[in-house]
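Good morning, and thank you for joining this group meeting. Please take a moment to look at the structure on the screen before I describe its parts.

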Amino acid sequence: MTISHSLLPERLSKAVERLQALQREQIYFAPVRHHSPACSYALKQLIEEVEPTHILIEAPSSFDTILQQLLDSDTKPPIAVLCQTEKKLTQPTELPYTTEDNIDNLNPKSNIYSAFYPFCDYSPEWLAIQMAKKRQANIQFIDLPWSLQTEQSIESDSERNYSLLSETYLKHSQYIQRLMQKLHCRDHDEVWEHLFELKDYDDIANWKTFFVDTFIWCAMSRLDYTKESLIAEGSVQREQYMLTAIGQLKKSKPQAKIVVVTGGFHTLALLEGLWQNQLMLPKRSDVVQFNRQQKNRVEDQTWLMRYSFDRLDTLNGYASGMPSPAYYQTVWQTMLDYDKATNKNQSWQVYRQWQTLTLLWEIVDKLRQQSKYDNSTGFVALKTAIEQATLLADLRGHIGSGRYDLLDAIQSCFIKESMDTTRSDFWILVRSYLSGNQLGEVPTGISQPPLVNEVYLTLKQYRFKLDDTNPKLTHIDIYRKPEHRQRSRFLHLMTFLNVGFANRIDGPDYIHGQRLNVMFEDWRYAWTPMVEARLIELSQQGMKLQQLAISKLQLEAKQFIQNSNDSVSLFAVEQLIQAALMGLDDYFNDLVDNFANFIETDGELDSLIHCGHRMLYLWQGQTFLQLKVTSTLHTLLTKIIKQSFFLLTKLKQHENEQQQQNLKILLSFRDLLNSLPDELDAHQLKQDFYHNLSRLQPELTQAPLIRGTIDSMSYLDAYLSQQQLEDNIKINFSLGTQNEQAISYFIGIMQCTPELVIHSSILLDSLDQLLLEWSPEQFIEILPDLRYVFAQLNPKQIASLGEKIAQKYHIVDADLHFQQHQFSENQLQKALSLELLIMKHIKQQHLSDWFKY
Amino acid sequence: MLNQKQAIRLTAEERYNQELATLSKADKDNNKPQGWLLSPKSVRQFILGNESLGISRKFFGDDPLVDRAIVSLLGKQGLMLVGQPGTAKSMLSELLAAAISGDSNLTVQGTAGTSEDHIRYSWNYALLLAEGPTERALIGSPIYQGMLQGKIVRFEEITRCQPEIQDMLVSVMSEKQMMIPEMGPNSVIKAKPGFNIIGTANLHDRGVHEMSAALKRRFNFETVNPIADKNFEIELIQRQLNQELGELTTQVIIPIDVIELLVTTFQELRQGQTTEGAKLKTPDAVMSTAEAVNIAYASALDAHYFGDGTLTGEQIAKQLIGVVLKDNADDIKRIRFYMDNVVRERAKKSDIWRSFYQESKTFWK
């Protein structure tokens, strides 16, 4: 299974010679694939044999600052280094009419670029660091600082999870594509496993040939790239930096034994730069540039953080390292067990077989816990699966079965139906087992940004389970238990800041006024590395979550006010509720104190009425939200209503659409008044409301829809007697009024109180009168509106309306029914035969033509 | 054995006897499972091809599936190939049987009328009356023969048989022996190594029966999927078309664009999505590669005998109707939707699509 060297392009066979020449100069290259146990195993043998004095690793040189933490014995993978850098944005060209502070507030001046560098037990880089520590070799990180890498390769997409271990080149390589076809593999990961991971342990341990093979594999993919694309994606710049780092070390310490651990993609360039018939030491200009670039380290911020296998697996989805971390953890453990065993009389095949057996058993065990898979995961199925995996490995020339053999065996033996009908959770279960959810550890008290520690401790105090990354549910009794209320507030706070720790599944929604009678809140939460990462990101803006939330609220307020002055009270009340949910008392109180201003400046009736409704939600939730401002809320509510009275003049707008909108507002206003708390003088306010409306009447001549609504509302609330209403109706339908106006008025009434048309005969009569006068064209034009209006009646109402109309036109009750009884069957028969007879006669007389039309 | 001089179609072992001979020569020193004519690796080469030995590739699209199928046959489990019609399930089973046993003729062709006799044995009643239940009077089923000779038996369309008939296989598969009570209390035949069953089944078609859990447990299931890679399907259709056309190949001009149109139409209708990403309504009719080859073949003949010898979108359009309109009347609407929304747009830009659209209009109005 070794790669044949005879057909190599000249450039590569030369490079292989260079690799060997450099070994004679005590520079040993280990071209690795990230997170590959085989590479780690070979690297282990290499380091043990060479005993290097220096180990150089492809990672940003700013990692120096956390080297001690990486070496700490309490650090247990999977962990990751989060690397962040802040980049000033080039200011957009200024628009002539914007002042400078405007731009300051609206556009962030900088972007934060973050990237992860994950380590697990079997990552070659991790192994190298650990072995260097044991052997007291020097460790040096030789890649370009992150702040400089961002300049070249990354677009302004700061939201994506960027990995520093990207291996996208493997996906696109034509060489690997062809190998895939030849070896009957389905993707590049399978080819890799086939060629490298599944070699026998002793072949892997033979690092000299192993690393030549990995080098060729990666270098062949590299040949697909043009020099321009390599410059564009920043590889050339990074390699130049690495070259100078290696060269400088060799220059200053000629006796140093150096091991260089880099992704195999870069090795070709490094070899060619370092050896051209002799060792090439860096030029002066290179060193100057190197020193200048190295100074950029201070721009990077690095944090060591816990990481998890499932995160790693997702990140690997972006082609950086191998999938299924839990699987490869087992593989690595088996290799180490074999390595440790003193008597090697048990061959390594036995180890691999044992590994297959354990893995399959554990997967089956997992499946068996779900009753729906009981049927297909019995002993026989397990036994066949193990056999299948072994035989598949055999057929494919693997020594012991690999990940794909395992998956194939599972597919063959456990699925007893067509693949497309297989429950999708079957594969999710299998994959999640292979990917695992192990969480790493970092030493306590390391320089985690204080915010992370604080949040962690607070959550612990609230007894959240934070030991793994699986999502969990919590049921919070928000009304009866004060401690639970605190939890709820903290969760709301985190949600507001998009920390990604929890999301609410159920509970009262005060912002939209839904399910307010629910007594509990349900949340789903998980402490994932992404939560830590987000907190680390946030910690650059402040030290406390409360403080961060306040500044976010303030920023939003500022932006809102700058953008528009409309509906300011609605916005303010939203913030008020948000602050109350998060328990930000100071901000809440400040806002309440200033709230009168917002009400006064708001010129939108719509926004004020909405604001009033929400203020009511707040009032309803005051026990839960622990508000001590009941009297203030009362005052504010009254103020909102009074201010709204003032804005009622808006109702005189006469465009049709606006009338429609105003109608809705008016109805909503009445709702608000009807649901006011008893403590307020609702009766008085209502009286004022109708008083204001009647005062408005003269101005409403052009808004018949509103007029209709007001009349029917007043009648409902007994501010208008039956007689007055009927008079109003008569006036509005009287001769001389325009038909459209009358119909609008009618619609207005119907929108508010559809049942009126049944109870008040005057309304129906007036409409009837009106219809008589219309031409068919006019009627057709208005028909859709009428239909819409009558559609609001329920079937019973429609029936009684029908009866009323029937009475009016002296139609007999029986005529309204589908079934007619006044003729007997006999009569019908007689009539029909008579008709036939007549037709026959007509035909006989040849008079048919006379009856055609 | 019936004597036939000429046949429309030769069995796999007849068609590829050269290749089988080459492989068996190269395979001389390899370990072979008991009862197998070739080693598993050579069986795989026979199906997936080997350039250096001059073995052609016969099954496309899913190499790991072939691995799994071969390995399943090595064990005690049977192999059940399932999937949509026209995805080359039967061809794969034939190739496997030919490579492993050198004989793909031990086949039960399952129908609703398949009875116990077809699975176990029946009697030559004249002999039975004359001699009693002797071996001479017994007529063994293909399964009986496969057990005696240690060969692979194919069971086509297993789900078309009644469930109680299907279940006859349960004990045969688990005990690998067959009792013949008529011939005395201890009369039994035991399967020789090399015996196994490859079933092919359709799980969703009309008129198929459910398979019992007991039977399912005795088989490893493999799903054969339609080919998803467009370029690859084009290549495949071209190759098979040339094979079918035989001598005519040189006389009909088959532009690649027309085949591409055919494949695009099929893939889009199969997947319910256009290449641009718009959602389509998928017809119930089977849109398999085999059907595409049939259309291409019929269209090519049309072009040769009635046209000017060049295959165009027009002829494809004429043939498409026969494939799509089988049993579901709603399919008409679905195709019409496709024609109105996708094809019409493309017709504005491409000549081939235009001729396809113009002709379609007469059918799909």
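**Domains, helix pairs and the contact between chains**

I begin with chain A, which is divided into domain 1 (10-90 + 100-316), domain 2 (325-435), domain 3 (450-543), domain 4 (703-822) and domain 5 (824-853). Please keep in mind that this is a predicted model. Taken over C-alpha atoms, the centres of domain 4 of chain A and domain 5 of chain A are separated by 45 Å.

In secondary structure, chain A has 40 helices and eleven strands. The C-alpha trace of chain A spans about 115 × 90 × 55 Å along its principal axes. The radius of gyration of chain A is 40 Å, whereas a compact globule of 853 residues would have one near 29 Å.

Let me turn to two local features of chain A. P77(A) and P78(A) are joined by a cis peptide bond, with omega about 0°. P78(A) is located in the loop between helix 3 (67-71) and strand 3 (79-88) of chain A. The other feature concerns H35(A), which is not a glycine and yet has a positive phi of about 55°. H35(A) is found in the loop between strand 1 (27-32) and helix 2 (37-50) of chain A.

Next, I would draw your attention to a pair of helices in chain A. Helix 34 (residues 722-733) of chain A packs with helix 37 (residues 761-773) of chain A at an angle of about 5°, and their axes are 10 Å apart. Because of that angle, helix 34 of chain A is roughly parallel to helix 37 of chain A. Helix 34 of chain A contributes E726(A), I729(A), K730(A) and F733(A) to the contact, while helix 37 of chain A contributes I762(A), L763(A), S766(A), Q769(A) and L770(A). Sorted by class, this contact of helix 34 with helix 37 of chain A has five nonpolar, two polar and two charged residues.

We now move to chain B. Its domain assignment gives domain 1 (12-223) and domain 2 (230-364). The centres of domain 1 of chain B and domain 2 of chain B, taken over C-alpha atoms, are separated by 35 Å. Five residues from domain 1 of chain B and seven residues from domain 2 of chain B make up the contact. On the side of domain 1 of chain B that touches domain 2 of chain B, two residues are nonpolar, three are polar and none is charged.

The axes of helix 12 (residues 230-245) of chain B and helix 13 (residues 256-271) of chain B cross at roughly 125° and come within 9 Å. Helix 12 of chain B is therefore oblique to helix 13 of chain B. The crossing of these two helices of chain B is right-handed. In their contact, K230(B), E233(B), I234(B), I237(B) and Q238(B) of helix 12 meet I259(B), E260(B), V263(B) and Q267(B) of helix 13. Four nonpolar, two polar and three charged residues take part in this contact of helix 12 with helix 13 of chain B.

I close with the contact between the chains. How many residues of chain A are in contact with chain B? There are 20 residues of chain A in contact with 23 residues of chain B. On the side of chain A that touches chain B, helix 19 (379-395) and helix 20 (403-414) of chain A each supply at least two residues. Helix 19 of chain A provides the largest share of that side, six residues. By class, the side of chain A that touches chain B has six nonpolar, seven polar and seven charged residues.

Technical notes:
Residues are numbered from 1 along each chain as its sequence is written. Chains are lettered from A and ligands numbered from 1 in the order in which they are written. This is a predicted model: local features need pLDDT of at least 70, side-chain atom pairs count only at pLDDT 80 or more; totals for chains, interfaces and linings use all residues. Two residues are in contact if their C-beta atoms, placed from the backbone, lie within 7 Å. Helices (H or I, at least four residues) and strands (E, at least two) are DSSP runs, numbered from the N terminus. Ala, Val, Leu, Ile, Met, Phe, Trp, Tyr, Cys and Pro count as nonpolar, Asp, Glu, Lys and Arg as charged, and the others, Gly among them, as polar. Domain bounds come from an automatic or database domain assignment. Axes are lines fitted to C-alpha atoms, for helices over the stretch in contact, and angles run from 0 to 180 degrees between N-to-C directions. Angles under 35 degrees count as roughly parallel, over 145 as roughly antiparallel, 65 to 115 as roughly perpendicular and the rest as oblique. A crossing is left-handed if the near helix is turned anticlockwise from the far one by less than a right angle, and right-handed if clockwise. The radius of gyration is taken over C-alpha atoms; the globule rule is 2.2 Å times the number of residues to the power 0.38.
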